Amino acid sequence: LSTKMSIKIQNLSKVYGTQRAVDDISFEVAKGEIVGFLGPNGAGKSTTMKILTGYLPATDGSAEVNGFDVKTLPMQVKSSIGYLPEHNPLYLDMYVREFLEFAGSLYGLKGKTLQIKVAETIEMVGLGLEKHKKIGQLSKGYRQRVGLAQALIHNPDVLILDEPTTGLDPNQLVEIRELIKSVGRNKTVIFSTHIMQEVEAICDRVVIINRGKIVANGTLSELKQGGKGIEDVFREL
Ligand code: ATP
């Protein structure tokens, strides 16, 4: 069964000083699912994602991506994951193409393979008309496409997207949601958000976290059948 799981988190905790930012959480994401990781500010979403990517060590518990333990097999985890951090540090002075070539080179892509991969990824995220522009010239929505392209460049199985729609205007928001749905086909996706409608728009399932604890985990219809609309669960946080 575990081979069907792209992400497996067991009794994971992260303590900063005296604060338990992530407090004994467990959940799994099956291959091919798009899961929304929902919770208010400070709930522990980014911390969980940073542990999954290997960026932060856990205090306790374990996390696996594609069957690889993040602590013991960090390189395998890194190549399995495309990660878009919450405050994605883009190089505003670089050209879109140049930046993606650089991103691809970090995964060992080079020469013709790198050129092909960059060109494919630019098309995939709809940056065809912007590829010769500097990142600093782009709108926030297009910068987010660059961020997604960077996460996709090495064709990872799993996408981990930390609040990919925060700060976007309504049109950009719809476009980026649609893009997540389309690039997420045939991949496993977990993305964090505090916007409930976002989960309803693109997710198979939602995991809700509050104060470091998982407070709900299910499909939207399961959560609704449980006598509570997802709105109610969220309102109680
Ligand atoms: P947001 O939506 O604001 O990004 P989040 O759900 O991603 O919130 P985290 O960023 O994981 O939440 O933070 C969880 C808790 O851990 C918060 O209370 C935060 O203040 C705390 N925290 C996060 N990073 C650190 C750090 N490096 N040192 C100390 N405390 C931290």
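**Strand E9**

I began with strand E9, residues 205–210, in this predicted model, and I found the strand mostly covered, with six of its six residues buried. In a regular strand the side chains alternate between the two faces of the sheet. I checked this for E9 and noted that Arg 205, Val 207 and Ile 209 point one way, while Val 206, Ile 208 and Asn 210 point the other way, all of them buried.

Next I looked up the partners of E9. Strand E3, residues 34–38, pairs with E9 in the parallel sense over four bridges, and here Val 35 stands opposite Arg 205. Strand E10, residues 213–218, runs antiparallel to E9 and is joined to it by five bridges, with Asn 210 opposite Lys 213. I also noted that E9 and E10 form a hairpin with two residues between them, and that Arg 211 in the turn has a positive phi of about 50°.

**The open sheet**

I then turned to an open sheet of four strands, whose order is E2-E1-E4-E5 with antiparallel pairing. Its edge strands are E2 (19–30) and E5 (68–69), each of which pairs on one side only. Between E1, residues 5–16, and E2 I found eight bridges in the antiparallel sense, and the bridge partner of Tyr 16 in E2 is Gln 19. Helix H1, residues 45–53, packs on the sheet and touches E1, E2 and E4 (60–65), its direction making about 120° with that of E1.

Most residues other than glycine have a negative phi. Against that background I recorded Asn 11, which is not a glycine and yet has a positive phi of about 50°; Asn 11 lies in strand E1 and counts as partly exposed at 43% relative accessibility. I recorded Asn 66 as well, with a phi near 55°; Asn 66 lies in the loop between E4 and E5 and is partly exposed at 21% relative accessibility.

**Salt bridges**

Which residues does Asp 23 meet in salt bridges? I found Arg 20 at 3.0 Å, N to O, and Lys 213 at 3.5 Å, N to O. Asp 23 lies in strand E2 and Lys 213 in strand E10, so this pair ties together parts that are 190 residues apart in sequence. Asp 23 counts as buried at 17% relative accessibility, whereas Arg 20 is partly exposed at 40% and Lys 213 is partly exposed with a relative accessible area of 40%.

A search of the whole structure gave me 10 salt bridges, and one of them joins Asp 93 to Lys 134 at 3.9 Å, N to O. This pair links distant parts of the chain, 41 residues apart, with Asp 93 in the loop between strand E6 and helix H3 and Lys 134 in the loop between helices H4 and H5. Asp 93 is exposed at 61% relative accessibility, while Lys 134 is partly exposed at 27%.

**Lys 187**

Last, I looked at Lys 187, in the loop between helix H6 (170–183) and strand E8 (188–193).

Methods:
Residues are numbered from 1 along each chain as its sequence is written. This is a predicted model: local features need pLDDT of at least 70, side-chain atom pairs count only at pLDDT 80 or more; totals for chains, interfaces and linings use all residues. Side-chain values use heavy atoms; hydrogens and water are left out. Buried means under 20% relative accessible area, exposed over 50%, partly exposed in between (1.4 Å probe, protein chains only). Two strands pair if DSSP finds at least two bridges between them. Contact means heavy atoms within 4.5 Å. Axes are lines fitted to C-alpha atoms, for helices over the stretch in contact, and angles run from 0 to 180 degrees between N-to-C directions. A salt bridge is a side-chain nitrogen of Lys or Arg within 4 Å of a carboxyl oxygen of Asp or Glu.
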